[in-house]
Amino acid sequence: RFIPSENSRDVVFYAAMKLILMLSLLPVALSACATGTVSPGATLWAGLNNYHEEMRTLEAMPDRWPDRQRLAESIKTTYLATLGGSREFNRMVELDLRRRELLIAQRGGLKPERAKEIQDELAKMNEQIDGLTGAVKGQLMNAQLRAQDPSQSIETIATLGRLNLAIDAFSTTSRANPATSTKVGPYTVIDQGLTSVVTTPEGKTFLCATTLVQEEGASIHCQPEGGKS
């Protein structure tokens, strides 16, 4: 068993390896979970949230490119395990990984010609990623609606809203000005980390808590603000 030292590089490596191990178990865990508490959508959101956080950390370590590659593969595995996979999502992640490597290369000092080539390539990749985010969000909406439990409609809305924000985080606009709220039809979803708030068209507010289930995934439960569901 790997035990992290005080060295920050080892800590980051340990966190990435732990995430990859958890995600590799998801296909089994999601099919074998007898309690029914694990939500595929919430599990995917937790994976996406972790992906963005870990990538931001690993970007500060140019030589950790193998870990960035493994992290990108792990989030594609998570999507496959939870919602069945998506070529558009996989392509978006691959472009995001390539974009991060180019941005790291820019910091190293380049000849003007190479710097111009990278800038042009980044512009094209950003345009492709922005287009793919819309397609992926459409797929997520369809998947969530197909899997919706009528008794958990607020949980579905909260999950979809947070997934949309996590996908938007791949876009150039959101990278510069990350959003914490979004609209799902007439509902408003505010992301607050492991909790979120859903406001209905009538103004009723629900508080939603996401719970990480060790080696299984994540669950989500919502209740009216100030009361019990």
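This is a predicted model: local features need pLDDT of at least 70, side-chain atom pairs count only at pLDDT 80 or more; totals for chains, interfaces and linings use all residues.
Axes here are lines fitted to C-alpha atoms, for helices over the stretch in contact, and angles run from 0 to 180 degrees between N-to-C directions.

Helix α3, spanning residues 40–58, packs against helix α5, residues 87–106, at an angle of about 15°, and the two axes lie 12 Å apart. Because angles under 35 degrees count as roughly parallel, α3 is roughly parallel to α5. The crossing in which α3 passes α5 is right-handed. On the α3 side, the contact is made by Leu48, Tyr51, His52, Met55 and Arg56, while α5 contributes Phe89, Val93, Asp96, Leu97 and Arg100. By class, this contact of α3 with α5 holds six nonpolar residues, one polar residue and three charged ones.

A further partner of α3 is α7, and here the axes come within 9 Å and cross at roughly 25°. The helices α3 and α7 are therefore also roughly parallel to each other, but their crossing is left-handed. In this contact, Gly41, Ala42, Leu44, Trp45, Leu48 and His52 of α3 meet Thr159, Arg162, Leu163, Ala166 and Ile167 of α7. The residues involved in the contact of α3 with α7 comprise seven nonpolar, three polar and one charged.

Two or more lining residues come from each of α3, α7 (153–168) and α8 (172–176). Sorted by class, the lining of this pocket has six nonpolar, five polar and seven charged residues.

Note on methods
Residues are numbered from 1 along each chain as its sequence is written. Side-chain values use heavy atoms; hydrogens and water are left out. Helices (H or I, at least four residues) and strands (E, at least two) are DSSP runs, numbered from the N terminus. Angles under 35 degrees count as roughly parallel, over 145 as roughly antiparallel, 65 to 115 as roughly perpendicular and the rest as oblique. A crossing is left-handed if the near helix is turned anticlockwise from the far one by less than a right angle, and right-handed if clockwise. Contact means heavy atoms within 4.5 Å. Ala, Val, Leu, Ile, Met, Phe, Trp, Tyr, Cys and Pro count as nonpolar, Asp, Glu, Lys and Arg as charged, and the others, Gly among them, as polar.
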